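Welcome, and please take a look at the model below before reading on.

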Amino acid sequence: MDGPEHPLIESLRSAGTFSPYFDMPVVGAETEGLLEATDLYLQDDERLRDLVLTYGHEAWGTTNNHVAGSAFIIAYLTRLVYPVIGQYVLQRRVPKVSLDNISFHFASGRINATLLNQPLFAVLPDDPDAEHANAVKVTDEPALYQLLKEWLFDSNAELVIGALHRAARASVKVSQNAAAASCAQAFHRLYPLVEDPDRVLRDAKTLFEDPASLVYQQVSMEVMEQGGKRGLFARRAGCCLVWRTRRSNGYCSNCILQPREQQDQQFREMLDGVR
């Protein structure tokens with residue numbers, strides 16, 4: 001399914017002009033080479049384990065299960081989280097990304113795209129497309145936020161984290177922090193793009209300070225200023241383990257293993273365009 005005539009597809013394409021990560025394709029009648037996410041994560045541990053270990057070796061040069069699991073879930077969540085956070089911040093919409101509405105496109109035995117099976121989305125009553133056949137109209141912003149957590153975390157990320165631990169012995173703790181870091185990175189990218197950046201910070205704090213959220217206290221976010229520029233940055237309460245691989249240049253700028261002073265220095269360098 002494609003085309004600007006569908007309101008969710010149109011708003012995803014619009015967000016994709018900022019970064020392709022904010023877009024998400026939808027399964028069409030002509031789409032071939034698909035595997036439903038529920039089949040992979042809930043029914044085929046052997047295939048999942050092989051995909052994780054192969055991806056870990058190819059992307060990060062590792063044979064360690066924990067490190068490979070981290071590489072795999074970061075790649076998966078980047079394509080999942082960005083569109084959800086993007087639509088929530090930019091449009092106050094939430095695409096239905098529960099695991100039963102996700103499929104993967106394969107090429108040469110590798111996943112090369114994550115797709116929505118159906119363009120279903122939650123909206124507020126004042127959304128111009130609230131009466132669309134694929135829209136789920138909720139009562140207010142708290143209800144929309146609850147659906148975001150349900151579809152993104154309860155019905156997707158938590159199931160994936162459990163599957164990776166079961167099939168590939170990936171670390172639950174590392175995977176959970178990766179989910180938070182993916183959300184934080186999406187907020188970071190959106191902060192300079194919107195008219196009201198303070199709302200981005202409020203949305204981020206709501207998510208990371210919610211005890212009922214999968215990503216509760218996994219990161220903390222704050223605004224940094226440098227040279228007249230402002231940016232929204234996350235400090236992680238965990239580590240992605242990339243420092244243990246051949247692709248590493250050291251720790252990530254926001255890694256818990258970095259002293260706060262070094263994090264601040266690297267954040268300022270990012271604002272200056274040095275990093």
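What follows is a short tour by topic, with the cut-offs given along the way.

This is a predicted model, in which local features need pLDDT of at least 70, side-chain atom pairs count only at pLDDT 80 or more, and totals for chains, interfaces and linings use all residues. Residues are numbered from 1 along each chain as its sequence is written, and side-chain values use heavy atoms, with hydrogens and water left out. Helices (H or I, at least four residues) and strands (E, at least two) are DSSP runs numbered from the N terminus.

**Helix packing**

- Two packed helices are described by the angle between their axes and the distance between the axes.
- Helix α5 (residues 141-168) packs with helix α6 (residues 172-190) at about 145 degrees, and their axes lie 9 Å apart. Here axes are lines fitted to C-alpha atoms, for helices over the stretch in contact, and angles run from 0 to 180 degrees between N-to-C directions.
- The crossing of α5 and α6 is right-handed; the rule calls a crossing left-handed if the near helix is turned anticlockwise from the far one by less than a right angle, and right-handed if clockwise.
- On the α5 side, Leu152, Phe153, Ile161 and His165 make the contact, and on the α6 side Val172, Ser175, Gln176 and Cys183 do. Contact means heavy atoms within 4.5 Å.

**Around helix α1**

- Pro7, Leu8, Ile9, Ser11, Leu12 and Ala15 are buried in helix α1 (residues 7-15). Buried means under 20% relative accessible area, exposed over 50%, and partly exposed in between (1.4 Å probe, protein chains only).
- These buried residues of α1 pack against α4 (65-91), β2 (93-95), β4 (110-116) and β5 (121-123).
- Gln87 sits in helix α4 and is buried, because its relative accessible area is 0%.
- Leaving aside residues up to four places away in sequence, Gln87 touches Leu8, Ser11, Leu12, Ala15, Arg92, Arg93 and Pro95.

**Salt bridges**

- A salt bridge is a side-chain nitrogen of Lys or Arg within 4 Å of a carboxyl oxygen of Asp or Glu, and by this rule the count comes to 14.
- Glu141 and Arg92 form one, with their closest N and O atoms 3.0 Å apart. This pair links distant parts of the chain, 49 residues apart: Glu141 is in helix α5 and Arg92 is in the loop between α4 and β2.
- Arg92 counts as buried because its relative accessibility is 9%, whereas Glu141 is partly exposed at 36%.
- Arg92, Glu141 and Asp203 are linked in a network of salt bridges.
- Arg93 and Asp129 also meet in a salt bridge (2.7 Å, N to O). They too link distant parts of the chain, 36 residues apart, with Arg93 in strand β2 and Asp129 in the loop between β5 and β6 (135-137).
- Arg93 is buried at a relative accessible area of 4%, while Asp129 counts as partly exposed at 25%.
- Glu225 forms a salt bridge with Arg230, the closest N and O atoms being 3.5 Å apart. Glu225 counts as exposed at 56% relative accessibility, and Arg230 is partly exposed at 41%.

**Surface**

- Trp243, Tyr251, Ile256 and Leu257 make a nonpolar surface patch of about 380 Å². Patches are made of residues with over 30% relative accessible area and no salt bridge, with like charges joined within 9 Å and nonpolar side chains (Val, Leu, Ile, Met, Phe, Trp, Tyr) within 5 Å. Accessible areas come from the Shrake-Rupley method with a 1.4 Å probe, and for residues only the protein chains shown count as cover.
- Tyr251 lies in the loop between β8 (229-236) and α8 (260-272) and is partly exposed, with a relative accessible area of 38%.
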